[in-house]
Amino acid sequence: MLISLMLSSFSNNIQIDNTPYCADIDASNQTTNIVFDISWENSWRVSAAPSNWDAAWIFAKYQKQGQTTWSHAYLSTIINDHSITTTNGVDPEFNVGITQVSGTDRGMGVFLYRASDGTGSINWDGVKLKWCYGANGLSSSDLVTIQVFAVEVVYIPQCGFYVGDGTAANVQGQFSALITTNPFQITNENSITLGGFVNGNLGNRSNSGMNTNDDFDITTTQTLPAAFPKGYNSFYVFKYEITQEQYAGFLNTLNGNQQATRISAVSAGKYMRDNNTSAIPQNRNGVRCKVAPVGATPGEYGNDFNNNGVYGEVADGQNIACNWLSWGDGTAYTDWCGMRPMSELEYEKICRGPNAAVADEYAWGTAAITQCQNISNSGAINEICSTGGANCIYNNAPLFNGPMRVGNFATGTSTRAQAGASYYGVMEMSGNLFERCVSIGSASGRNFTGTHGNGELSVAGNSTNSDWPAPTTAIGGGFRGGNLYNDGTYSRISSRYGANDINGFKTIREYFYGFRCVRSCTPPSISNAGTDQLNIPGTSTTLAANTPVNGTCLWSIVSGTGGSVTSPSDPASEFTGISGASYTLRWTITTNCGVSVDNVIISFQ
């Protein structure tokens, strides 16, 4: 029998509310359900603009007895294998994030969100995620420990959008249509010609104001391949930058050698920064080495922002954005949680949505910005900026020199501009910490195809996706969105000052560097089960559903007895029933981003 000691982890305002446990162990199929409760506040789903929702990205790690590292738990790739016992009035919807591992589809985690329009708190009891432990090479007799992780993410729907803002002042490599100053509209995921004079090409204002030029301009062209994620297709993005609690939790699943790669603080009592010397928090980072790693033997990390030696107190900075992250640190976390880096085109879509561009606009859609200069409730879960009207952290505020709690500007009554929120409700896309994006300005960046992490790092603790900019060089990565150090011009949506940075700054750890993860999400084709077939002679007929462009498909019998679908995944399958009977059949098309269903009625004479 699989024996599991279950531990829990939570992220920001998402909470795993009880101690998870294993149930319904199926030794023959080598599966079990991981069961827990989950809750979070301020959830939403809207069909009208912005036509999106927030969700929990939930994944699990396990540690086999006697091992020093944690491995990624493969969840079932079948949506209906996951369920909730008690919904408390809010119907849920699941979708599985799938990554190919050694040529086989594996469930890296699930997206869990409300199934219909609504706002308010989520309280779901008895969440059941089917873990295919046999796929992880485990047997029912193995002793393992499990951790469940949950992160709040935001769904970004498929649509066209603009890049570049047409500004006439403080030009910093903004995208443009041809050699004009006009914004460029992205309407599909097809390849794009970069530079040159031809109508339909994407320009960059002749590289004006960039610290490292793109390799295309008005005389030199490059091709951005169709496989590069341009942001037109739908995807999920972390609602907030990686927090200090999240990063400490990540570190605690690595072995000692991996930890030493992913954090400079490797001596007991030292705090996270760019070296191993700090006995006090540096630039508002409270991640501290509690037990030092020794060789492969892992150390232990926690949050001690108030520097009193007691970890995990209410004012220990768990929800402050995690700074001092290099490109390699961020991509390692991204691979570990089954996500991927975002492209700089996706960055602009997250901020602006489908709206027309506004010159010099910030993530909240206007060109007005107010600096935060004071903090209340420092380090606590309710840490806020106490500067009236402030909506951004930039330009080295005089009373503090580090990032703030994620989402700190938002209240129950704040507007988008007051909250510093993007069009889709993503927070701190302007200011606080740099957003690290994959650039279109170099060949290394354009090689990015958007593969997802497989949950496992290299022996040294690095990400392993070959299409991502390399963790040790970061060539092909860049900076967007500004930060707490630079002035406000760098925080504009379309500023590309460091978008193609190739100097040494991109590989180091800095107090204004952070990270945020995304995951691709292709919506299913719209289901069409065909025209009703009524009073058919005989007892069989040929079904006539549509063949999906995106997604897998399946026939099911909703009502009626004695019926049989010959080939359930064939849109033109034969269906056999009983004379005089009527049936309702459902044609379901599924991707990792949703489900589309349509019914057809079949009746026989």
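Predicted model: local features only at pLDDT ≥ 70, side-chain atom pairs only at ≥ 80, totals over all residues.
Figure 1. Although Asn42 is not a glycine, it has a positive phi of about 60°. Most residues other than glycine have a negative phi, and most peptide bonds are trans.

Figure 2. Asn307, which is found in the loop between β20 and α3, is not a glycine and yet has a positive phi of about 60°. Asn307 is partly exposed, its relative accessible area being 30%.

**Figure 3. The protein chain as the setting for the close-up views.** The secondary structure of the chain comes to six helices and 33 strands. The radius of gyration is 25 Å, close to the 25 Å that the globule rule gives for 605 residues, so the chain is as compact as a globular protein of that length. Along the principal axes, the C-alpha atoms fill a box of roughly 80 × 60 × 45 Å. Buried residues make up 56% of the 605 residues, and, among contacts with a separation of 6 or more, 70% are accounted for by residues 24 or more positions apart. The accessible surface comes to about 21,400 Å², of which 49% belongs to carbon and sulfur atoms. The chain carries 31 positive and 45 negative charges, whose mean positions are 5 Å apart.

**Figure 4. Helix α1 and the elements that cover it.** Helix α1, which spans residues 244-251, is mostly covered, with eight of its eight residues buried. These buried residues are Gln244, Glu245, Gln246, Tyr247, Ala248, Gly249, Phe250 and Leu251. The cover over them includes the strands β11 (143-156), β18 (235-238), β19 (287-291) and β20 (300-303), together with the helices α2 (256-262) and α3 (327-336).

Figure 5. Side chains of opposite charge can pair when their charged atoms come close. The salt bridges of the model come to 20 in number, and in one of them the side chains of Arg496 and Asp214 meet at 2.8 Å, N to O. Because Arg496 lies in the loop between β25 (477-480) and β26 (518-520), while Asp214 lies in the loop between β16 (202-203) and β17 (222-224), the pair ties together parts that are 282 residues apart in sequence. Both Arg496 and Asp214 are buried. Arg446 forms a salt bridge with Asp215, and the closest N and O atoms of this pair are 2.8 Å apart. Arg446 lies in helix α6 (residues 443-446) and Asp215 in the loop between β16 and β17, so this pair ties together parts that are 231 residues apart in sequence. Arg446 is buried, with a relative accessible area of 8%, whereas Asp215 is partly exposed, with a relative accessible area of 28%.

Figure 6. A salt bridge brings the side chains of Glu383 and Arg284 together at 2.6 Å, N to O. Glu383 lies in the loop between β22 (375-376) and β23 (384-385) and Arg284 in the loop between α2 and β19, so the pair ties together parts that are 99 residues apart in sequence. Glu383 and Arg284 are both buried. Elsewhere, salt bridges that share partners join Asp214, Glu344, Glu348, Arg352, Glu361, Arg480 and Arg496 into one network.

**Figure 7. Helix α4 and the glycine that follows it.** Nine of the nine residues of helix α4 (residues 344-352) are buried, so the helix is largely enclosed by the rest of the structure. Among these buried residues are the charged-network members Glu344, Glu348 and Arg352, and the others include Leu345, Tyr347, Ile350 and Cys351. Just after α4, Gly353 takes a positive phi of about 65°.

**Figure 8. Thr472 in the loop between α6 and β25.** Thr472 is found in the loop between α6 and β25, where it is exposed, with a relative accessible area of 58%. Leaving aside neighbours within four places in sequence, Thr472 is in contact with Asn462 and Thr507. Thr472 and Asp329 are 143 residues apart in sequence, and their C-alpha atoms are 9.6 Å apart in space.

Methods
Residues numbered from 1 in each chain as written. Heavy atoms only, no water. Buried < 20%, exposed > 50% of the residue type's maximum accessible area, 1.4 Å probe, protein only. Helix = DSSP H or I, 4+ residues; strand = E, 2+ residues; numbered from the N terminus. Contact = heavy atoms within 4.5 Å. Rg over C-alpha atoms; globule rule 2.2 N^0.38 Å. Areas by Shrake-Rupley, 256 points an atom, 1.4 Å probe, with all protein chains shown as cover. Lys, Arg positive; Asp, Glu negative; His and termini not counted. Charge placed at Lys NZ, Arg CZ, Asp CG, Glu CD. Salt bridge = Lys/Arg side-chain N within 4 Å of Asp/Glu carboxyl O.
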